[in-house]
Amino acid sequence: MKILIVNGPNLHMLGKRKAEHYGSLTLAQLEKQVADYAAKNDVETEFFQSNCEGRLIDVITDNDADAIVLNAGAYTHYSYAIADAVECCGKPVVEVHLSDVENREDFRKKSVLTPVCAARFYGKKQGSYFDAIDWLTENK
Ligand code: DQA
């Protein structure tokens, strides 16, 4: 099984963003931990990060993975364009967040992606990505 891990805007700034919400790993360190976790479960991973909505839509709708783990960053809360891409991409997409989006500012409680995603994990920092990989391997 191959899983594409897609990280959206400002996730390239991990390590410099608020550690209490996002942890202290850089994006490269997070990707390494996720790749190692997946490999232990016989899952191949590929990683993509962009700050641009269109580039995220391009990769969600055109890739050779079996499933996608998506942290769309702030786009989560308002991008109907990304929601449409998730809905029509033809593969399971799991929404993840490092932080506890249900217990922060009100605007972070709304996700336009949840209705079109297969599952959702949040609030466990890199553990949210591990849970998404577990869910996809258990539900393939
Ligand atoms: C985030 C939560 C979003 O609200 C925020 O805009 C992000 C990261 C998370 O991983 O907790 O950039 O998706």
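How many nonpolar, polar and charged residues does the lining of the largest pocket have, by class?

First, the ground rules. This is a predicted model, so local features need pLDDT of at least 70 and side-chain atom pairs count only at pLDDT 80 or more, while totals for chains, interfaces and linings use all residues. Residues are numbered from 1 along each chain as its sequence is written, and side-chain values use heavy atoms, with hydrogens and water left out.

The pocket, then. By class, its lining has 6 nonpolar, 6 polar and 3 charged residues. Here Ala, Val, Leu, Ile, Met, Phe, Trp, Tyr, Cys and Pro count as nonpolar, Asp, Glu, Lys and Arg as charged, and the others, Gly among them, as polar. Of the 15 lining residues, Arg17, Tyr22, Gly73, Ala74 and Arg108 lie nearest the centre of the largest pocket. The space in this pocket is about 150 Å³. On terms: a pocket is an open set of points on a 1 Å grid over the protein atoms alone, with protein on both sides within 12 Å along at least five of seven lines, and lining residues have an atom within 4 Å of a point. Grid points are joined across faces, edges and corners, and the volume is the space filled by probe spheres set on the points.

Next, helix H2. Helices are DSSP runs of H or I with at least four residues, strands are E runs of at least two, and both are numbered from the N terminus. H2 covers residues 27–40, 14 residues in total, and reaches 20 Å from its first C-alpha to its last, close to the 20 Å expected at 1.5 Å a residue. That expected span is 1.5 Å times one less than the number of residues. Which residues of H2 are buried? They are Leu27, Leu30, Glu31, Val34 and Ala38. These cover an arc of only 95 degrees around the axis, which puts them on the same side of H2. Buried means under 20% relative accessible area, exposed over 50%, and partly exposed in between, with a 1.4 Å probe and protein chains only. The arc is taken from the directions from the helix axis to the C-beta atoms. Ala28 and Lys40 are exposed, on the face of H2 turned away from its buried side. Strand E1 (2–7), strand E2 (44–49) and helix H5 (126–138) are among what covers the buried residues of H2. Just after the helix, Asp42 has a positive phi of about 60 degrees.

Leaving aside neighbours within four places in sequence, Ala38 is in contact, meaning heavy atoms within 4.5 Å, with Val43, Thr45 and Ile133. Its C-alpha is 7.7 Å from that of Phe130, 92 residues away along the chain.

Helix H3, residues 53–61, buries Leu56, Val59 and Ile60. Down the axis of H3 these fall within an arc of 100 degrees, so they line one face of the helix. Their cover includes E1, E2, strand E3 (67–71) and helix H4 (80–88).

In H4 the buried residues are Ile82, Ala83, Ala85 and Val86. Their arc is 160 degrees, so they too line one face. Tyr80, Glu87 and Cys88 are exposed on the other side of H4. H3, E3 and E4 are included in what covers the buried side. Gly90 follows H4 with a positive phi near 80 degrees.

Now the loops. Arg104 sits in the loop between strand E4 (93–97) and strand E5 (119–122). Is Arg104 buried or exposed? Arg104 is buried, at 14% relative accessible area. Apart from neighbours within four places in sequence, Arg104 is in contact with His21, Tyr22, Ser99 and Lys109.

Gly23, in the loop between H1 and H2, counts as buried at 12% relative accessibility. Gly23 touches Lys18 and Lys125, not counting residues up to four places away in sequence.

Lys125 itself lies in the loop between E5 and H5. Lys125 is not a glycine, yet has a positive phi of about 50 degrees, and is partly exposed at 25%.

Conventions:
On a 1 Å grid over the protein atoms alone, a cavity is a set of points where a 1.4 Å probe fits but cannot get out, and a pocket is an open set with protein on both sides within 12 Å along at least five of seven lines; lining residues have an atom within 4 Å of a point.
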